[in-house]
Every structure is written in structure tokens, then in C-alpha cells.
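The sequence and structure come first.

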Amino acid sequence: MDGSVTVITNPTVSVRVTSTVSSFEVNRRFNRGITIAEFKSKLELIVGTPAGCMDLELFSSSDKYLQKLDNNEALLGSYHVDDDCRIHVTDCSGTQSGEFTDLSKVEKFEISDEAYEKRADSVRNFKKNMKLGRFNEEERAKQEEAVAKKEEEEKVAAEVIAVGNRCKVQVPGLATKIGTVMYVGTADFKPGYWVGVKYDEPLGKNDGSVNGKRYFECEPKYGAFVKPLTVTVGDFPEEDYGLDEM
């Protein structure tokens with residue numbers, strides 16, 4: 001034995017990566033033999049900042065600032081980079097300041113409705129020529145006719161429903177519910193005809209009031225408003241759940 005000491009350095013190092021464009025911390029392992037320029041290229045895939053717009057700072061495992069990694073030709077291993085050190089990426093492209101994401105800083109092009117109406121290359125003009133959306137008078141008329149027909153059906157259905165009727169509510173996609181009709185008519189919260197129902201069980205959404213306006217009285221979660229076409233009136237006795245039995 002000649003008494004010499006051989007120091008073996010791990011060819012890779014595990015570091016924590018943070019950046020100014022994200023609040024997340026990422027753990028990655030890198031080869032100590034790559035240059036700082038190559039290291040930046042790998043970091044670009046992690047933090048999203050272009051390699052040419054990065055400033056790198058090295059912090060110890062206890063987050064004490066050590067130095068900048070500013071020599072692109074130097075090897076990563078030539079710096080005091082140890083396991084669990086933190087490398088912080090500062091984005092110099094402007095992303096972290098919101099320069100390209102804050103739309104309030106973007107100058108907007110504005111045009112009057114009158115001037116826009118005269119343009120031949122506008123989306124509005126294209127829709128007019130192709131008779132799309134609200135510019136398709138035939139389709140629009142059909143939609144208005146369908147809405148009017150549905151409203152008339154709702155009105156007719158509401159006319160045969162009276163406050164105090166026992167009823168069954170069948171809304172597509174939901175379980176059938178039994179209750180008592182408490183309100184019939186129009187409402188402020190949405191257009192059209194509505195039926196206010198007090199369910200036998202707490203399967204509703206309110207206590208008979210919506211947006212601060214009361215339409216009928218009931219306990220919380222027992223009240224609901226449904227469309228007349230989903231309501232069937234009839235002899236639907238309240239179920240006895242045997243709560244009074246010993």
C-alpha cells in the first residue's frame with residue numbers, strides 16, 4: 001500500500017429546480033459532465049424558459065445562496081453542485097413579469113359597429129353570406145316557433161295544476177319524487193311557467209324562496225321549482241316510514 005487516498009465522485013447529481021415562472025419545485029438528476037449550456041437546454045424542457053433567456057443561481061441544500069452558474073462552457077461538475085442543492089432559474093424573456101400573459105398591457109384594436117358592418121372580410125359578413133346562425137331567417141323562425149310551442153305547452157300544463165295537489169315529479173335523468181304543489185305561475189328567477197313543489201323528503205334545493213323572494217313556505221331542502229310538463233298530479237299518498245313505531 002502506498003498510503004494514497006482515491007476520491008470517487010458520483011458522475012450524476014440530484015438537484016432541486018425552481019423558477020420564476022412557476023411555484024413548483026422539481027427534483028431531477030443530471031450528469032456532472034455536461035456543460036452549463038447543455039444543462040440549460042435540459043432545464044428548458046422542465047421549466048419552459050428558453051435556454052438563451054435563463055440566468056442560473058446555485059443554492060445549498062439549506063437554501064443558502066452560493067453563486068451564479070454563468071459560464072456556458074464550464075462543466076456542471078466544476079461548480080459546487082451537490083445532491084439536494086437548489087438551482088433557481090430566472091426567466092429573462094419577460095414571462096415572469098406577465099409581459100406576454102397580462103392582456104391589460106396589450107394595445108387593443110377597436111372598431112365601431114357601423115364600420116365593422118361595412119367590412120366585407122368580417123365574420124359577420126361571412127355568416128350573412130352563408131346564412132348562418134341568426135342570419136338564417138328560416139332556421140331562426142323555426143327556433144322561435146319551437147320556443148313558442150313549448151311555452152304554450154307549459155302554459156296549458158300549468159292550468160291543470162293547482163296549489164294543494166299531490167304530485168309526482170319526473171325530471172329526465174333524475175329520480176322520481178313525490179310531493180305537494182305549493183305554487184303555480186311565473187317567477188322572477190327565470191322566464192316561463194313554474195311549479196313550486198314541497199317534497200315529502202329533503203330532496204329539494206331550497207325552502208320555497210329563490211334569490212331572496214319567497215314563493216311558498218317549507219323546510220330547507222324540501223322545496224324545488226320544476227317545469228309544468230314534468231309534473232303529474234294525482235293520488236300520491238305520503239309514504240309512512242314507520243317513524244312512530246316502537
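Is Thr-230 buried or exposed?

Thr-230 is buried, its relative accessible area being 16%. Buried stands for under 20% relative accessible area, exposed for over 50%, and partly exposed for what lies in between (1.4 Å probe, protein chains only). The residue sits in the loop between β11 (223–226) and β12 (231–233). Helices (H or I, at least four residues) and strands (E, at least two) are DSSP runs, numbered from the N terminus. Not counting residues up to four places away in sequence, Thr-230 touches Lys-168, Val-169, Gln-170 and Val-171; contact means heavy atoms within 4.5 Å.

## Basis of the values

The model is predicted: local features need pLDDT of at least 70 and side-chain atom pairs count only at pLDDT 80 or more, while totals for chains, interfaces and linings use all residues. Residues are numbered from 1 along each chain as its sequence is written, and side-chain values use heavy atoms, with hydrogens and water left out.

## Nonpolar cores

A nonpolar core is a set of buried Ala, Val, Leu, Ile, Met, Phe, Trp, Tyr and Cys residues joined through side-chain atoms within 4.5 Å. The largest one has 20 residues, and Phe-39, Leu-43, Leu-56, Leu-69 and Leu-76 touch the most other members. At least two residues of this core come from each of β1 (12–19), α1 (36–47), β3 (54–59) and β5 (85–91). Helix α1 supplies the largest share, four residues.

Leu-69 illustrates the packing. Apart from neighbours within four places in sequence, Leu-69 is in contact with Ile-36, Phe-39, Leu-56, Leu-58, Leu-76, Tyr-79 and Ile-87. There is also a second, separate core of ten residues, including Val-169, Val-181, Val-197 and Tyr-199.

## Salt bridges

The whole structure contains 14 salt bridges, each defined as a side-chain nitrogen of Lys or Arg within 4 Å of a carboxyl oxygen of Asp or Glu. One of them joins Arg-16 to Asp-63, with the closest N and O atoms 3.1 Å apart. This pair links distant parts of the chain, 47 residues apart: Arg-16 belongs to strand β1, and Asp-63 to the loop between β3 and β4 (65–68). Arg-16 is buried at a relative accessible area of 8%, whereas Asp-63 is partly exposed at 39%.

Another salt bridge is formed by the side chains of Arg-124 and Asp-113, at 2.8 Å from N to O. Arg-124 is in helix α3 and Asp-113 in helix α2 (residues 113–118), so the pair ties together parts that are eleven residues apart in sequence. Arg-124 is buried, with 18% relative accessible area, and Asp-113 is exposed, with 52%. Arg-119 and Asp-121 form a further salt bridge, the closest N and O atoms being 3.1 Å apart. Here Arg-119 is partly exposed at 34% and Asp-121 is exposed at 58%. Through shared partners, salt bridges also join Arg-16, Glu-25, Asp-63, Asp-84 and Arg-86 into one network.

## Surface patch

Phe-126, Met-130 and Leu-132 form a nonpolar patch on the surface, together with about 300 Å² of accessible area. Patches are made of residues with over 30% relative accessible area and no salt bridge; like charges are joined within 9 Å, and nonpolar side chains (Val, Leu, Ile, Met, Phe, Trp, Tyr) within 5 Å. Accessible areas come from the Shrake-Rupley method with a 1.4 Å probe, and for residues only the protein chains shown count as cover. Phe-126 lies in helix α3 (residues 123–130) and is partly exposed, at 49% relative accessible area.

## Cysteines

How many disulfides does a search of the whole structure find? It finds zero, a disulfide being a pair of cysteine sulfur atoms within 2.5 Å. For Cys-92, the closest cysteine sulfur is that of Cys-53, 7.0 Å away and therefore too far for a bond. Cys-92 is partly exposed at 45% relative accessibility, while Cys-85 is buried at 4%.

## Positive phi angles

Asn-211 is not a glycine, yet has a positive phi of about 55 degrees. Asn-211 is in the loop between β9 (209–210) and β10 (213–214) and is exposed, at 75% relative accessibility. Lys-221, also not a glycine, has a positive phi of about 75 degrees. Lys-221 is located in the loop between β10 and β11.
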